[in-house]
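Please look over the model below before reading on. My notes follow as numbered points.

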Amino acid sequence: MTTQMKNIQFTALILTLTLSLQAADFTQEQAAQVARVIGLSMKSHPRQIELDDAVSALFLDNYLKALDANRMMFTQADVAGFKKRYGDKLDDLTKAGDTSPSKIIYGVYLKRLTERHATVHNLLKSKFDFSIKERFTTARDKLPYPKDKAAANDLWRKRIKLELLTDRLNRPTDKSTPETGKKARERIAKRYDRLLKTMRENNLSEILEIYLSSLTRSYDPHSIYLSPIQAENFRIDI
């Protein structure tokens with residue numbers, strides 16, 4: 001059997017499980033059931049890799065990346081705490097149907113996102129010195145997480161400064177400057193308002209989709225877990 005056919009079979013297995021749960025959101029019992037079955041079904045993955053401590057570490061890294069790809073939300077202390085608590089335990093917890101790490105880590109993410117949201121709004125009320133040469137790397141997935149709150153605040157100051165400059169460059173007919181661009185500041189504020197609103201509205205099923213997809217992607221980047229709604233949409237499209 002080819003690897004492609006095995007991947008199709010594995011996807012069909014996950015899809016069948018997901019479509020068996022028709023509710024828009026899960027109960028705790030349903031979430032536990034899904035986690036147990038997904039954990040056990042990884043034995044059927046074409047790569048034939050055991051769900052063990054090594055996969056657990058990658059699973060955790062993938063989940064943190066899914067939530068905070070550019071390492072702008074969590075602090076180094078947050079990540080160290082997650083790794084100490086869950087680094088070699090997500091394999092056993094998943095097979096036991098314990099999905100609590102998904103909610104606990106997501107809760108910390110929402111807390112940090114709320115803090116960053118407040119920081120952005122405060123920054124947008126402040127003046128920036130655009131005569132100072134500073135550097136900000138937009139693709140931060142390989143860079144360290146901010147050390148602490150002060151480091152995070154400075155990182156976000158540079159990010160918002162760059163966003164104001166970028167907005168000005170993308171709107172050459174705008175007569176305002178980055179220093180006085182009220183509309184630019186409003187646009188940036190609304191962007192982060194939408195992000196916070198969206199992430200707050202994710203229900204248990206949607207959080208579990210991010211979480212369990214982080215597990216399946218530990219085996220290969222094309223294996224994903226779909227929530228019931230997404231699975232139904234997938235079935236309609238194929």
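1. How are H6 and H7 oriented to each other: roughly parallel, roughly antiparallel, roughly perpendicular or oblique? This is a predicted model, in which local features need pLDDT of at least 70, side-chain atom pairs count only at pLDDT 80 or more, and totals for chains, interfaces and linings use all residues. Residues are numbered from 1 along each chain as its sequence is written, and side-chain values use heavy atoms, with hydrogens and water left out.

2. Helix H6 (residues 100-123) packs against helix H7 (residues 149-170) at about 50°, the axes being 10 Å apart. H6 and H7 are therefore oblique to each other (under 35 degrees is roughly parallel, over 145 roughly antiparallel, 65 to 115 roughly perpendicular, the rest oblique). Axes are lines fitted to C-alpha atoms, for helices over the stretch in contact, and angles run from 0 to 180 degrees between N-to-C directions.

3. From H6, Arg116, Thr119, Val120 and Leu123 meet Ala152, Asn153, Trp156, Arg157 and Ile160 of H7 (contact means heavy atoms within 4.5 Å). By class, the residues of this contact are 5 nonpolar, 2 polar and 2 charged.

4. In helix H4 (residues 76-86), the buried residues are Asp78, Val79, Phe82 and Tyr86 (buried is under 20% relative accessible area, exposed over 50%, with a 1.4 Å probe and protein chains only). They fall within an arc of 95° seen down the axis of H4, so they line one face of the helix. Exposed Ala77 and Lys84 sit on the face of H4 turned away from its buried side. The cover over the buried residues of H4 includes helix H3 (53-67), helix H5 (90-95) and H6.

5. Overall, the protein chain has 10 helices and 0 strands (DSSP runs of at least four residues for helices, H or I, and at least two for strands, E). Of its 238 residues, 42% count as buried.

Methods:
Nonpolar A, V, L, I, M, F, W, Y, C, P; charged D, E, K, R; others polar. Arc of directions from axis to C-beta.
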